[in-house]
Each structure stands twice: as C-alpha cells, then as structure tokens.
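These are my notebook entries on one structure.

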Amino acid sequence: MKCVKWLCYCLILLAQPLNAVDVVVHPAVSAEQLSSAQLRAIFSMRQSRWPDGTAIRVFVLASDDSTHLNFSRQRLQMFPYQLDAIWNRQRFSGIGSFPTQLASEQEMQQALQDNEGAIGYLSTGNIPATLKVIRLHEN
C-alpha cells in the first residue's frame, strides 16, 4: 500500500508544469558557477564551505512548495522526498543538520541578501539585482 501511495505522489509531481528556477547566492559569494555534483553536495548538506572558506548557509522552501518542487526536479534531478530523506538521515545520525526552511520566495530573497555565504533558489524573473545568479554546468 505504501508503494502505491509513493507512486501516486510521483505521478502527481510529474504532471505539474515546470517553471524555471535559478540558483541564487549572496552577492559576496566568490563562486560564479557550480557543477551539478557540487550543487547536490551543497543542498544535501555534504559541502559546508565555499572554495574561499566562507561557510555555506543553505535556504530552502517547504517540500510541497511549487518552486521547491521545480528546483529539486530541474536542478538537483531528484524528488523533494529524496532530499527530505537525506536531511533526516544526516540529522538523526548526528552528522549533519537541516537547511533553513523559509515560508516564501520573498523570505528567500531577504535571507539571501542578509546572510553572507547564503545559497537558495528563486523563480526566474523573481530575482532582484542585489543577488547573484549562479551558472550551472554538468560535471
């Protein structure tokens, strides 16, 4: 029964239209681009520092938020429940922590502007000039 529930959840996710989502960082972050593997390492809380040594602060939206769904699928090539499982496993095993969860894209914009080393994501077209968009490339 549990498998059927997950299958239905996945089918619903696949049926939703994708809106473009960009990876965005605090303007002081020195990185200009990231590989897909680096992005997954950052959002799975395995990479905690930028190349210049600055601590990374990861910000996300709720797992059921459409922007989070699109980011997970487009940029990380995984489903939100997979990210949740990674975060839970690390948190409860004592080797990691959860990213900071925010309630809206407006809160995301503010958090990215206010926290040096911050990384998050926003819908394309919803990015203020005060933030920096990171280019992504394959490994």
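**Entry 1: two helices.** I found that the axes of helix α3 (residues 66–74) and helix α4 (residues 80–93) come within 9 Å and cross at roughly 85 degrees. Axes are lines fitted to C-alpha atoms, for helices over the stretch in contact, and angles run from 0 to 180 degrees between N-to-C directions. I therefore recorded α3 and α4 as roughly perpendicular to each other (65 to 115 degrees). By class, their contact has four nonpolar, two polar and no charged residues. I listed H68, L69 and S72 in α3 as meeting P80, L83 and W87 in α4, where contact means heavy atoms within 4.5 Å.

**Entry 2: basis of the model.** The model is predicted, local features need pLDDT of at least 70, side-chain atom pairs count only at pLDDT 80 or more, and totals for chains, interfaces and linings use all residues. Residues are numbered from 1 along each chain as its sequence is written, and side-chain values use heavy atoms, with hydrogens and water left out.

**Entry 3: strand β5.** I noted that six of the six residues of β5 (residues 118–123) are buried, so this strand is largely enclosed by the rest of the structure; buried means under 20% relative accessible area (1.4 Å probe, protein chains only). A118, G120 and L122 point one way, while I119, Y121 and S123 point the other way.

**Entry 4: partners of β5.** Strands pair if DSSP finds at least two bridges between them. I saw that β1 (residues 21–25) runs antiparallel to β5, joined by five bridges, and that V25 has I119 as its bridge partner. Strand β3 (residues 57–61) pairs with β5 in the parallel sense over two bridges, and there R57 stands opposite A118.

Note on methods: Buried means under 20% relative accessible area, exposed over 50%, partly exposed in between (1.4 Å probe, protein chains only). Helices (H or I, at least four residues) and strands (E, at least two) are DSSP runs, numbered from the N terminus. Angles under 35 degrees count as roughly parallel, over 145 as roughly antiparallel, 65 to 115 as roughly perpendicular and the rest as oblique. Ala, Val, Leu, Ile, Met, Phe, Trp, Tyr, Cys and Pro count as nonpolar, Asp, Glu, Lys and Arg as charged, and the others, Gly among them, as polar.
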